[in-house]
Amino acid sequence: MDFIKEEARKLESTFPNLKVIFTGFVENVYNFFKLFHFLVVPSRYESFSVVTVEAMTCGIPVIVPECGGVSELIDVFSGLTFEVENPLSLSKKILYNVARARARKKLLTTKRTYCRVTGKS
């Protein structure tokens, strides 16, 4: 984890507007989503990612691996996918999102409905 944190600090010094946050477990993620420009899920395998759906529900663009069911949730408006085990693919998607600040802002303000839960009491 120290290596990852060190690399994150290098990125932050290269890109002054970038802030990488390592929170560990968080009870209520919605408060943190207000701070996000996008969410990166750098898994090697992801069958279904609850945090990805939560972020998408809040209008946060996501970057997820091209594996499992999570990649099937992604469309051009909700995020990007990257090749598993390919750091260059992931870094290109991250840099793309960093460079597209205006488009990201538009995505964040677009009201979209990704899922609807109904039930009877």
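Leu-39 stands opposite Val-62 of strand S2 in this predicted model, where strands (E, at least two residues) and helices (H or I, at least four) are DSSP runs numbered from the N terminus. S1 and S2 run in the parallel sense and are joined over 2 bridges; two strands are taken to pair if DSSP finds at least two bridges between them. Between S1 and S2 the chain passes through helix H3 (residues 50–57), giving a right-handed β-α-β crossover. Right-handed here means that, with the strands pointing away from the viewer, the path from the first strand over the helix to the second runs clockwise.

Val-62 also has a bridge partner in S3, namely Gly-79. S2 pairs with S3 (residues 79–82) over 4 bridges, again in the parallel sense. In a regular strand, side chains alternate between the two faces of the sheet. Within S2 (residues 62–65), Val-62 and Val-64 point one way, Ile-63 and Pro-65 point the other way, and all are buried. Buried denotes under 20% relative accessible area, exposed over 50%, and partly exposed in between (1.4 Å probe, protein chains only).

Residues are numbered from 1 along each chain as its sequence is written. Local features need pLDDT of at least 70 and side-chain atom pairs count only at pLDDT 80 or more, while totals for chains, interfaces and linings use all residues; side-chain values use heavy atoms, with hydrogens and water left out.

Turning to the aromatic rings, the whole structure holds 2 aromatic pairs (ring centres of Phe, Tyr or Trp, the last by its six-membered ring, within 6.5 Å; planes under 30 degrees apart are stacked, over 60 edge-to-face, the rest tilted). Because they are 3 residues apart in helix H2, about one helical turn separates Tyr-30 and Phe-33. Phe-33 is also edge-to-face with Phe-36, at 5.3 Å and 75°. Phe-33 is buried, at 4% relative accessible area, whereas Tyr-30 is partly exposed at 39% and Phe-36 is partly exposed at 22%.

The lining of the largest pocket comprises 32 nonpolar, 8 polar and 7 charged residues (nonpolar: Ala, Val, Leu, Ile, Met, Phe, Trp, Tyr, Cys and Pro; charged: Asp, Glu, Lys and Arg; polar: the others, Gly among them). H4 contributes the largest share of this lining, 6 residues.
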